[in-house]
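Here's a quick briefing to read alongside the model. Have the viewer open and click along as you go.

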Amino acid sequence: MLYIFDQNEQLQAVLRNDGTACPYYDAIHTEKLTGENTFTFTVPADHPDAQFVTEGNLVAFKDLDQNWQLFEIKRITDIHEDSLTKTAYCEHAFYELIDDFIEDIRPYDVSAHFALTQALSGTRWSVGDVADLGLNSTNFYYESVLSAVQKVADVWKGELQFWVVVEGGKISARYVDLLARRGADTGKQFVYNKDIKSIEREVDLTTLATALYGRGKGVEVGEGYGRRLDFADVVWSVENGDPVDKPAGQEWVGDPEALARWERPGGRHRFGVYEDPEETDPVKLLQKTWEALQERKNPRVTYSLDVVDLERLTGYEHEKVRLGDTVRVIDRAFSPALLVEARVIEIDRDLLQPENTKLTLGNFAPTIADENLKLQETMQTVRDRQGVWDEGGEPFTGPVPTSWLDGIIDTLQNEVRAGNGSVTLTNDNGILIVDDPDNPTKALRLLGGLLAISNEKDPVTGEWVWRTFGTGDGFTADLLNAGQIRTNLVQILGNSHFYWDGDYLYIVNPDNGNEQIRLSKEGIRFTQDGGQTWRVAMGFDGIRMEGQSQDGYTHYVGNGVKVYDEEENLVAHLGSFETENDQTATFTRNSVAYKQDGTQVASGTPRFETGPFN
């Protein structure tokens, strides 16, 4: 049965094929380990309840494990042939997390359960079953909640599972599980002529590599020039228990066994690149690059099977198969016989006709979801580095000190006068302009609404590495040489210990993340509990000192203000300020004084009394 809810989650209709309600057919549920989860079904368009099968409404059903799955109808196709039909194309309800946004959360050295809880805070989804995946760190910075949830799964090496609870005709809860792995090794065997109707095997060498370069977070070198972190200075030795030998100065790591099997002519490696834009430790970057190489050193092999879902036949419950299961495929008609063990990475399950179920086995093949996620990450990186330059404000009339630019400008002028270069019009890459047609070292690319500049080629692929871009929205570059820039927006990207989030500039103690200093229009504040409470150190009305002395009258904070001489000797310590509360005060003077009650105190005699005095 299919349960149809409106956008307010009120039950509108129940579809069933028993002749008592609106029927449905061609009900295919597609789920992949890469995260895609969709559902399609068709109803007769002339049935009264078909009016509820419309864009934005929700459809729910119980899966084979009796968990409720909830989908939103995204698209409708109406067809009029021999009959009137309406086909609904649906996405799983967890896709709504794309619309929820996180500004800045930085889980550090925490469990997967804690990180997932932070990612889902403020949404309708709750944390379900989470495996013990150890402690790790990540950051969610101006991205969707779904992106953050996927990041938790990637960093903590888990696999996601989504489900809902429907009680009394209402959707009462939504849960996200993070499991060590989906499915299990059940011993299930698919055998041709038993439950396999056809087998297709695909071997893909597209992403195979025998060695990888590692690139981490951007670092600053020289006079502001940026580059990506590498592990050139890290040394690995088999004698010391490392997986392979990696000498100092080498920016890549290779697998000798993979090289022996897949080497290019002359014993050359098949190179690739592993990138982790958040990694700041070269030792960890090398380890991550090696682990990525173990996944890429073998071809991607996938098996597509048309199978009969025997589980739903009486007496065959032991033949069940789930997403993530490790199964075995046997087809002795091949020579040699096909005997393979692999995970189920995709299921197209026909809810009504078990004989139409399709499985995909093997390691992960690239999907549209992978490419979309990669594109989103690239766009996010560009946004994070983007600056906006504005010529607004009063015109500048004074001299601009640009003597340091003279050498650069002279060099560029000479290159312009030399007139070297060539222009090529291409079908795919627009207009390409290079400095030397035979041995180009600089390139400029023009195409629809975009200008790109490069002076570097990828050492592996030989493709230009485009670093500066100009569009109708402005220019994006990782290096600018300029005399003066006038702007109404500056964004500084530091690291986890020094960063600006647009409102505050943070300085974090690397040895104790709870100790932080925050600078803003409010002044200078500090915290010793990770940001739960912020205390003022300095504002526009001066230095503030908050606290209380042992006598209860003198108020101060921390150790006050200390003054040292040139020899680093403490010569003064201002540790308190008088407040408006009752005071205890004593002082001496060379004149007669009077107390509050009129009593005279002789000169040279200390005056002592409790309470305010003038």
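**The chain at a glance**

Of the 614 residues in the chain, 34% are buried. Keep in mind that this is a predicted model. Among contacts with a separation of 6 or more, 50% link residues 24 or more positions apart.

**The H1–H2 pair**

- Helix H1 covers residues 112–120 and helix H2 covers residues 145–156; their axes sit 9 Å apart, at an angle of about 170°.
- Angles over 145 degrees count as roughly antiparallel, and H1 and H2 are therefore roughly antiparallel to each other.
- On the H1 side, the contact is made by Ala 112, Ala 115, Leu 116, Ala 119 and Leu 120. They meet Val 145, Ala 148, Val 149, Val 152 and Trp 156 of H2.
- Sorted by type, the residues of this H1 to H2 contact come out as ten nonpolar, no polar and no charged.

**A closer look at H2**

- H2 has twelve residues and spans 16 Å from first C-alpha to last, close to the 16 Å expected at 1.5 Å a residue.
- Which residues of H2 are buried? They are Val 145, Leu 146, Ser 147, Ala 148, Val 149, Val 152, Ala 153 and Trp 156.
- An α-helix has 3.6 residues a turn, so residues three or four places apart point the same way.
- Just past the end of H2, Lys 157 adopts a positive phi of about 60°.

**Nonpolar cores**

- The largest nonpolar core holds 37 residues, and the ones touching the most other members are Leu 116, Leu 120, Trp 125, Val 149, Val 176 and Leu 178.
- H2 is the top contributor to this core, giving seven residues.
- There's also a second, separate core of 20 residues, with Leu 2, Leu 15, Cys 22 and Phe 39 among them.

**A buried arginine**

- Arg 518 is part of strand E34, residues 512–520.
- Its relative accessibility is 10%, and buried means under 20%, so Arg 518 counts as buried.
- Setting aside neighbours within four places in sequence, Arg 518 contacts Tyr 504, Leu 505, Tyr 506, Gly 523, Ile 524, Arg 525 and Trp 534.

**Loop residues worth a click**

- Thr 280 belongs to the loop between strand E21 (271–275) and helix H4 (282–296).
- Is Thr 280 buried or exposed? Thr 280 counts as exposed because its relative accessibility is 52%, with the cut-off for exposed at over 50%.
- Thr 280 and Lys 217 are 63 residues apart along the chain, yet 5.7 Å separates their C-alpha atoms.
- Leaving out residues up to four places away in sequence, Thr 280 touches Lys 217 and Leu 229.
- Glu 9 is in the loop between strand E1 (2–5) and strand E2 (11–15), and its phi is near 65°, a positive value in a residue other than glycine.
- Glu 9 is buried, at a relative accessible area of 15%.
- Asp 109, in the loop between strand E8 (101–105) and strand E9 (110–111), has a positive phi of about 55° although it isn't a glycine.
- With 46% relative accessibility, Asp 109 counts as partly exposed.

How values were computed:
Residues numbered from 1 in each chain as written. Predicted model: local features only at pLDDT ≥ 70, side-chain atom pairs only at ≥ 80, totals over all residues. Heavy atoms only, no water. Axes fitted to C-alpha atoms, helices over the stretch in contact; angles between N-to-C directions. Helix = DSSP H or I, 4+ residues; strand = E, 2+ residues; numbered from the N terminus. Parallel < 35°, antiparallel > 145°, perpendicular 65-115°, else oblique. Contact = heavy atoms within 4.5 Å. Nonpolar A, V, L, I, M, F, W, Y, C, P; charged D, E, K, R; others polar. Buried < 20%, exposed > 50% of the residue type's maximum accessible area, 1.4 Å probe, protein only. Core = buried A, V, L, I, M, F, W, Y, C linked by side-chain atoms within 4.5 Å. Expected span 1.5 Å × (residues − 1).
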